[in-house]
Amino acid sequence: MEALRLRHAGGDQTLAAREALRHFDAMDRLARSQIRGFVAQARLTRFPLASLDDHDLVALVRQSIRDGHVVAIEKGGEGGQATDSTAEQRSLVREIEKQTRGRLSFSGRQYRLVADVDLARLPDRNSFEVVGHDDAARVLDGLAKQSGAVGELAKLLETAREKLTAEWRSPFTQPDGLILVRRIIAHAATNPADGLAMTPSQMKDFLAKKKKVVSIAWMAAEAWCSEDAAIEGKTQNYATGESIEVTFQERGGSQHQAMTGRVSSDSFNAHWTVKDILPVKQGGHLAPDLKMDATAAGVTSPKPLAVKFITHLSKVAHVRDRTHFELSLTDSVILIGSDIKYVKGWGGEVVKLRDKAPAGTGGLLDGQLVWPGYRWMKNVGLGKKFWNGTAWQSLPVGFVLADSNNFAVGFYQQGTSFTCQYGGTWPENFTDWSIDTDDKKRIIAAWTNNIETTWTGVFDLKRKECKSSNKRCCRYSTKAAVAFSNQATFSTGMLIIADGNIRSNDSLLFLGESRIAVAAHEFGHHLGNPDEYKDAAVDTSLNSDGATNGIDPDSIMGKNLTKVKARHFREICKVFTDAVTNAFGKSYNYLVVPP
Ligand SMILES: [Zn+2]
Ligand SMILES: [Zn+2]
């Protein structure tokens, strides 16, 4: 059946453009072979036909049908019975045009309403752009308001609004209802009639209405985990509201993600939240950044986005009162270090007798020792005696020793005298001893090991704001590394290691201490943690994770010298947070979490 013939525009109009296209596409090979002749005869292009292949010609005719330059008529006359819907639309358009004298203007722009089937043959079609459904509805609402609520025009406009076509995507779907078009302000010089202004490839693209991403670019040079990185791009021949897939690919690596951007007026943007991108090794260490390229429809951003990571922190020495440790970050491991400087020494005790000492009793160390009210004390036989300034005396009747009224202090040798680490001089000479024997060295090595195993890998620090689902992101494990180093001379804050055993504390360790965990406990003090046992200087504000008013027996800082708890990392967490701020200018929050 010879279904169709094509004629130059301006004559009879019978078939709607979509009908014409359907017939055109259904044409057999023979009919198609005549296209070249038809195009030449109809002078559809001023472009030399020899430069167009058959495919170009088909595209040209299809475009001309869509534009209304070419219309199809059915053999045998003026068929193409208009449907009821088309008739309704046309009459509504005519009525509105009559009422507005053909000028539909809103917010300084010119509009026209057109029935779906008439779009292709709208005069001066190239000077108009189709307005999307939602915008069109807004414009018609606005126009109705402008024209006055009671007028007939307002009613017509409201009806037109109801009859607006849904969004469509040529050639996959077709409009079905009224279409609002808007006059284009700056008309691009891409009319095929101006053929000379176009290169052959531009013309090809134009004819085929080929969708094209013209450019894509990152709006910032760098971004960190959980920050937004914006992408902007320009497009051709994409409809407003159409989606574009943007992919993010690690340059030289395997990490990739994708998201969808929306086109609006030949441009699109996408806000990618950086997450689940992990640092990669480079030269044996995690690199501080990696490059992400953004690609849409085969076009890649000229410059990559640098995704930044916190993979290194130089050593920070933290000293506050008796808290002292060093913290550094290498790759994803926080190293908590302490160079525990010590001198060989001896242990003695001090006791606070208060009013239990008879009036006039000598030996008060006020002015020598940093704390007032104390006297020297030592073991004699099975009991304890205090120094009254001239001799060792039994403790006064009625005085009871308690954790709160006596403790051990360390001494170091200075010339021929023995000086207390907190001031004052022991009233007699201590017996010399050697710290360099193998058995003593073994004990110190065991302490080192005890501290490191107790405090390594028990908790991680995790950035609170990290939005990644990969739990490794923004997460750092912790590792304790201590070294005991023997010093020639004592200075304030230094540890004293004494032979024998009285009672160890964070500044005085006894080699005879039978509880190895005491080393890890004392290191806990170095990390800023108070004791957590009765009668000690507890922090009563600690009331979680087993602690009640600062007391927790089942803790490394408590009576049983057992578990390291999350709270024991709070000073480490604070120092790390500050170090991140200082080094990277980022105010992040970190949580102490189990690995
Ligand atoms: Zn993260
Ligand atoms: Zn302690």
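Helices (H or I, at least four residues) and strands (E, at least two) are DSSP runs, numbered from the N terminus. Axes are lines fitted to C-alpha atoms, for helices over the stretch in contact, and angles run from 0 to 180 degrees between N-to-C directions. The structure is a predicted model, in which local features need pLDDT of at least 70 and side-chain atom pairs count only at pLDDT 80 or more, while totals for chains, interfaces and linings use all residues. Residues are numbered from 1 along each chain as its sequence is written, and chains are lettered from A and ligands numbered from 1 in the order in which they are written.

**View 1. Packing of helices α5 and α7.** Helix α5 (residues 84-100) packs against helix α7 (residues 152-162) at about 145°, their axes lying 10 Å apart. This crossing is left-handed (the near helix is turned anticlockwise from the far one by less than a right angle). From α5, L92, E95, I96 and Q99 meet E152, L153, L156, L157, T159 and A160 of α7 (contact: C-beta atoms, placed from the backbone, within 7 Å). Of the contact residues, 6 are nonpolar, 2 polar and 2 charged (Ala, Val, Leu, Ile, Met, Phe, Trp, Tyr, Cys and Pro count as nonpolar, Asp, Glu, Lys and Arg as charged, the others, Gly among them, as polar).

**View 2. The open, antiparallel sheet.** In the order β3-β4-β6-β5, 4 strands form the sheet (pairing requires at least two DSSP bridges between two strands). Because β3 (104-106) and β5 (128-130) stand at the edges with a single partner strand each, one side of each has no neighbour in the sheet. Neighbouring strands are turned by 40° against each other on average, direction ignored.

**View 3. The β3-β4 pair and helix α6.** Strand β4 (residues 109-114) pairs with β3 in the antiparallel sense over 3 bridges; R109 in β4 is the bridge partner of F106. Helix α6 (residues 133-146) packs on the sheet, where α6 touches β3, β4 and β6 (179-183) and its direction makes about 100° with that of β3.

Note on methods:
Two residues are in contact if their C-beta atoms, placed from the backbone, lie within 7 Å.
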